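Please prepare a short briefing on the structure shown below, covering its sheet, its helix packing and a few selected residues.

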Amino acid sequence: MLGAVSVATACLIEGSSAAEVANIPDGPRKTLSVEHPTGETTCVMELDENGTVTSAAMLRTARKLMDGEIFS
């Protein structure tokens, strides 16, 4: 998780190599999708009026881990 937040933060640093290829939405709250080998992680970043990251969060969803049948 720290890696995804670090990548999302790098995307918001003007002049960084990550910012050059990132699709950054407008507004003080940025929702960024960070891809990794097993899928995608969504980071929600809050910026102040100077463009400094003040808050970082990750969206997580519940997923089905197993399925089973019981026979009596």
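How many bridges join strand 1 to strand 2, and in which direction do they run? Eight bridges join strand 1 to strand 2 (residues 39-47), and the two run antiparallel. This is a predicted model, in which local features need pLDDT of at least 70 and side-chain atom pairs count only at pLDDT 80 or more, while totals for chains, interfaces and linings use all residues. Residues are numbered from 1 along each chain as its sequence is written, and side-chain values use heavy atoms, with hydrogens and water left out.

**Sheet**
- Three strands form an open sheet in the order 1-2-3 with antiparallel pairing, where strands are DSSP runs of E with at least two residues, numbered from the N terminus, and two strands pair if DSSP finds at least two bridges between them.
- Strand 1 (29-36) and strand 3 (53-59) stand at the edges with a single partner strand each, so one side of each is left without a neighbour in the sheet.
- From one strand to the next, the twist averages 25 degrees.
- Serine 33 has threonine 42, in strand 2, as its bridge partner.

- Helix 1 (residues 2-11; helices are DSSP runs of H or I with at least four residues) lies across strand 1, strand 2 and strand 3, running at about 55 degrees to strand 2; axes are lines fitted to C-alpha atoms, for helices over the stretch in contact (heavy atoms within 4.5 Å), and angles run from 0 to 180 degrees between N-to-C directions.
- Alanine 10 is found in helix 1, and its C-alpha atom is separated by 10 Å from that of valine 53, 43 residues apart along the chain.
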